[in-house]
Structures are given as structure tokens and as C-alpha cells.
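Please look over the sequence and the structure before reading on.

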Amino acid sequence: MKTSTQTLCTSVLPSHAQAQPEAQSASWPRLLGCSVRAALLVMAVSGIAYPLLTTGVAQALFPHAANGSLIEREGRIVGSALIGQQFNGPQYFHGRPSATVAPDPNQEGANIAAPYNAGLSGASNQGATHKDLSEVVAQRVAQYRSDNGLAADLVVPVDAVTASASGLDPHISVANAQLQLARVAQARQLPQAKLQELLARATEQRSLGLLGEPRVNVLQLNLALDALQPATGAVKE
């Protein structure tokens, strides 16, 4: 009896042991199929359905912002309310400095200054104690006072002499705009009171009444200036 039992066990166990690898090998196609179906489902939801939904909602509720907050004049796109532009000359309000650069066409691997270059935004990465930054800010302070006919000891708004982290900030502080107002009024032969009204209308208040500070979008203010009185000469870059 003992011999027959041992024979039965030895005849059954090998066949059962051989069935396990076969079952495991048979499960791989099912596992692969489940993985592919799950990946396709995730791609369909997160890569197609969700972007289409958010795009549709944005276009329906916030079409101007969803399309880049573009500014048009006479059917032509002149810029974006989110990206500053470089203005020169006394006829315009000037934005804050920009530290953006662009590749030097005359020297491979080198860069040249390119204010408000939206294709390569960034800052100088120089800290407050950096010698070069201190010298540049001192030069900007002197130039700002000279351009606007200010006293040598007048405190200059920090946004007038320092660049933003992106180099594309479209806004300046109200204090900065106020100090430039007399220069612009004189250059355009307009009453300062008229520019004060224009500046008041162009001033944006704190977001949600809490975030940030009152600010002025330089591009929109200068466009309003040109609508009031077109400037002569190419003074914008």
C-alpha cells in the first residue's frame, strides 16, 4: 500500500509542476493586452479628451486670455498685454529694464543684449551684492534722473532700474509712470492733466482686490497715447 501511494504521488506531482509554467506563460498575453488597453485609455482621457475640454471651456469663458491676450490696432496685432516691449524716446513711457539676450550673429556661442526677447526670457541671475549689478543699477538710476529731469537725490522706483525675473514684465509701478509723465507731456506738447487722466484710466488695480500692487501696462498706455496724438519719429524697437 505504501508503495502504491508513493507511486501515485510521484506520477501526479510532476504533471502539476509542469502546469504552472504553462499557466504563467498563458497569462502574459492577457497582461500585455490589459496594459495596452489601459495605456490607450489614459492617452485618450489625458491626451485628447481633457485638453479638448479645457480648451473649449477657456475659449467659451475667457477667449481673449486663452488666445494670448493679443492687442490689435486697425486689424493688425501689435503685441500682447502679457509681454512688454522696448520703448525709447521722450514721447513714450518707458518700461522696466530687460536683461534678455539673443545669439550673437557675428560670434558663435556668444550672446548680445536683446531687451524683451520673448523667445529667450530670463534674468541676469546676479544677486543684490553682485558688483556688476550694483554698477548697472547705479548707471540706470543716473540715466533715469537725467531723462526725466529729476533731482540728483530723488528716490527712484526700484522697477525703473531693475529687470524682472522673466525680462518680459509688461507693467511698471504707478510711481514710475508718474515720474515720467512730465517728460512725455512736454515731448508731446500735451497738458499734464490730460496725461493724468490717461494714466488713471490705464492703471490696473490689485488682482481680486488683494494680490499685487496697482500697476500700469506700458504698451497699452503708449497705444492710448498714440490714439490721442500720434507720435512722430521711430522711437519704438
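Predicted model: local features only at pLDDT ≥ 70, side-chain atom pairs only at ≥ 80, totals over all residues.

Residues are numbered from 1 along each chain as its sequence is written, and side-chain values use heavy atoms, with hydrogens and water left out.

**Terms**
- On a 1 Å grid over the protein atoms alone, a cavity is a set of points where a 1.4 Å probe fits but cannot get out, while a pocket is an open set with protein on both sides within 12 Å along at least five of seven lines; lining residues have an atom within 4 Å of a point.
- Grid points are joined across faces, edges and corners, and a volume is the space filled by probe spheres set on the points.
- Helices (H or I, at least four residues) and strands (E, at least two) are DSSP runs, numbered from the N terminus.

**Largest pocket**
- The volume of the largest pocket is about 590 Å³.
- It is lined by 26 residues, and Q86, G95, R96, P97 and R140 are the closest to its centre.
- Both α3 (131-147) and α4 (174-188) supply at least two lining residues, and α3 gives the most, with 4 residues.
- The lining consists of 10 nonpolar, 12 polar and 4 charged residues (Ala, Val, Leu, Ile, Met, Phe, Trp, Tyr, Cys and Pro count as nonpolar, Asp, Glu, Lys and Arg as charged, and the others, Gly among them, as polar).

**Second largest pocket**
- The second largest pocket has a volume of about 320 Å³.
- Among its 13 lining residues, R73, R76, V78, L223 and D226 are the closest to the centre.
- β2 (76-80) and α6 (218-228) each supply at least two of the lining residues; α6 gives the most, with 5 residues.
- This lining has 6 nonpolar, 2 polar and 5 charged residues.

**Cavity**
- The whole structure holds 1 cavity of 30 Å³ or more, and the largest cavity has a volume of about 40 Å³.
- Residues lining the largest cavity include G84, Y116, D169, V218 and L219.

**Helix α6**
- V218, L219, L221, N222, L223 and L225 of α6 are buried (under 20% relative accessible area, with a 1.4 Å probe and protein chains only).
- The cover over these buried residues includes β1 (70-73), β5 (171-173) and β7 (215-217).

Definitions and conventions. Buried < 20%, exposed > 50% of the residue type's maximum accessible area, 1.4 Å probe, protein only. Contact = heavy atoms within 4.5 Å.
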